[in-house]
Structures are given as C-alpha cells and as structure tokens.
Amino acid sequence: MRFFYKQLREYFSNDFPTVEELAEVLTMHSSEVEEIIPADNGDWELEIKILPDRAGDAKTALGLAREINSLFPKLTPKEAWPVVDQSTARAEIIFTTEQINGLLGVVLSREQIVGFLHRVRVEVVENNDDTLIALIPAERLDLNIKEDLADEVARLLGYDQIPARRLPVEVSADREATFDLTNRVRAQLASEGYNEIYGYTFVDHGELAVEKPLSADKAYLRDNLSDGFKREVEFNLGRVLFDDDEVKLFEIGTVFNSLSDGQTGVNEEIRVATGFGCKKPKLKIEITEKKLTDFADLKNDLSELKNFINSDVHYRPVSIYPRIIRDIAVWVPEETDIEKVGSGIKTSAGSLCTEGPILFDEFTKEGRKSLAFRLVFQSMEKTLSDDEANKEMAKVVAKMQENGWEVR
C-alpha cells in the first residue's frame, strides 16, 4: 500500500516525525516500509507492507494515522479518536496481568499493560472476579484472544525488550523410544543403499477429508504411504543415468485412519515404506509398507548410529534446473590406465560437469581399447542450452586429441 507523508501528517496538530523516523518506527513495531519515493511537490510516497491481518484497520490513511499515534503517543490528533465502550465494542477479551506477563516472559504492571492497550484504542475495564476485560474496536478484526493482546503489548514495548527463553521440553518415554527406533530404522536402510524421501501428508483421495483444503489435490489426509511412494519410484526411474541403475527409496511417515468400532476421532500411525525399481532386464517396481513397531527388534548399537551421522559431510544445494547428458567414447592404447582417461575428461569438462565421467562401456580391438563415458552438465543458475553443453564437450574432445587419443 502507498501512503503520502503529508496526508498522514494532516491528522496531527503538533510536530510530526520526519519521514525517516516514521519509516524506521513503523518497520520496527508495525508494518515494513519497503520504499520511500520522493514526489515532485516535496512530498514522499511510502510503500508500506500492510499484512492481511491488519487489512481491516490499517489500509486507509485514517487507520494508519491511528497506528502512528500508538507508536508516537506524544502526538496530538486534530480530532480525538472515538472511544470504545461496552456498547460499541466488537468483542470482549477477558485476561489477567499474570497471563500477559506469562506469555511474554516479562514483568509489567497492570497500569503498563493497560497503557499499551489504550494506545491501540483497546479500552480495559475491570471484571467482577479481579480479571480485566479488553473492549475491542470494530476495525481491529485481528484481536480475538488474549494472545493477540500480548502481541500488541510486545510490539509496542519493543520485541528487543522481550527476553529470550528456552521453550519447555517434555519428552515422554514412549516418544523417546519412537525417536530412537526411527533413527535405528533410518540407519539400517541407509546402510543398505536406500535414499530417504519425504512424501505429502495431504493427498487427493482418502478416508479423512480436510475441512478447508488448500486445493482439490490436497483434500484428504493420506491413509497409506504406498500410493504416493510408487509414483516417487517411477519418477526417479525416469531420471537414472543408465537403464540398469537401481532405484532404492524409503520413507518414514505418519498415516491417518478413522478409529474403529464406532469411535470418533483419528488414529495416527507411523509406518515405513521401502521401494525398489529397475528398468532392465525388465521393468520392475516393488513397494513394501510396514508399521514402525514391526522393526522393534532391529538391533543397532550406539557406534553404528554415530557412524550414520557423518560430521564431515556438508550440505550442498541441489540445482532446480534440468541436466544435460552427454557421452564420449575414445580409442586409447590397450595398456592405457582407465583412471588417467577419466581424470583427463573431468579436468577438461569444467565446473558445469556435476556428475561423471562414468565408464559404461569397454572393449578391445586390434591392440586398442575403446572406453565410453557418460557426463552430466547442470547449472545452479539457469537452464543450460545444448550449445553451452556442446562447448564444454568440445573442450573434452580437444583434451582427448591432445593426448593422442581418437574420439569415436
């Protein structure tokens, strides 16, 4: 939303903050000021990011002026803002000083909390049982529970004044056992060459419907892992480098079913799905799904789990852009070391070569040896063109010829 600085200033009768001061305080306590644009008449336009929860009160100049008044309480409006009472309040929220302090981890007096709320036009009256009642103005559609009131106090106080504190952690014995078993299953499957995937909890069919789905294909909670898992195996099979490569995947996830015997509610169960797929010698896909508890007898000592967590491995981003696959075959003398040929290809292919060279064919004929390698080119920044891949391959060909080898 765009607002004019002079228009906002017109709502107040005394000194108004400079445009820089206004932008800084709004950004730190209310809504981010994304841009300040000088206007021809000496005015400024402020591009302010009004979040959806404040659309009801802060998307107009009057609403933003009220917000500015709450952040600069020494300003005097030319006309007093209407006072909310119990007859005009949109809603009432019952709270205590202790509840607000407990939510924020601070120690504020009743007068301080009431003062902060008064600045955002929330009047506070006493209840009969020593609690307080917050009277919410009609335009503040975002204030509905006591936690919302605590957030108002926090932003006016300043988030930098809220102490950092560790959230309480309560881990039951059952949850700890489940966590341990999950890691033991994960370590075992990884040691057998499986790669872990994470599927979607929301699917397009199932037993339990979502009341307000984000889209039609996410309208149900999944009741099994296998349906989506088969698609993942097929997807990965379509992207193997060689037709005889195997795809081995696993997922540890939660499925949801209705309770049996006429009971109401939802049963959540952790399951383990494994999938195997290959194209040759013939297309084959196998999916198995078991309960996590079926692996309860799996034995992994602590040292094996530590070995599973390799501290020397660091995360490397995966490119979102498609790859280009290229093959090269060269004739070399029979006694030539294969590693020497592969090393020459790798050094000449450049940084865009993200996989390979991988030797996939070898044979000898008339004192010479034919070696065929596969390379994968991929960029982290864009989709590579065929011409760009061909330029990299030209460097590889030149290197092979420089060594006196014949490119087939």
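The questions and answers below go through backbone and aromatic features of a predicted model. Residues are numbered from 1 along each chain as its sequence is written, and side-chain values use heavy atoms, with hydrogens and water left out. In this predicted model local features need pLDDT of at least 70 and side-chain atom pairs count only at pLDDT 80 or more, while totals for chains, interfaces and linings use all residues.

Q: Which residue is joined to Lys280 by a cis peptide bond?
A: Most peptide bonds are trans. The bond in question has an omega of about 5°, and its second residue lies in the loop between strand E12 (266-278) and strand E13 (284-291), where strands (E, at least two residues) and helices (H or I, at least four) are DSSP runs numbered from the N terminus. The residue joined to Lys280 is Pro281.

Q: Is Asp130, with its positive phi, buried or exposed?
A: Asp130 is found in the loop between E5 and strand E6 (132-136), and its phi is near 75°. Buried means under 20% relative accessible area, exposed over 50%, and partly exposed in between (1.4 Å probe, protein chains only). At 56% relative accessibility, Asp130 counts as exposed.

Q: What distance separates the end C-alpha atoms of helix H8?
A: The expected span of a helix is 1.5 Å times one less than its number of residues. Helix H8 (residues 173-191) has 19 residues and should therefore span 27 Å. The distance between its end C-alpha atoms agrees with this, at 27 Å.

Q: How many aromatic pairs does the structure hold?
A: Rings of Phe, Tyr and Trp (its six-membered ring) pair if their centres lie within 6.5 Å, and planes under 30 degrees apart count as stacked, over 60 as edge-to-face and the rest as tilted. Phe242 and Phe360 form a tilted pair, 5.5 Å centre to centre with 40° between the planes, whereas Trp331 and Phe363 are edge-to-face at 85°. Ring pairs also link Tyr5, Phe12, Phe16, Trp44 and Trp81 into a cluster. The number of aromatic pairs in the structure is 6.

Q: Which residue lies over the face of Trp331?
A: Trp331 is buried, with a relative accessible area of 13%. A charge sits over a ring if NZ of Lys or CZ of Arg is within 6 Å of the ring centre and within 35 degrees of the ring normal. At 4.4 Å from the ring centre of Trp331, the residue over its face is Arg368.
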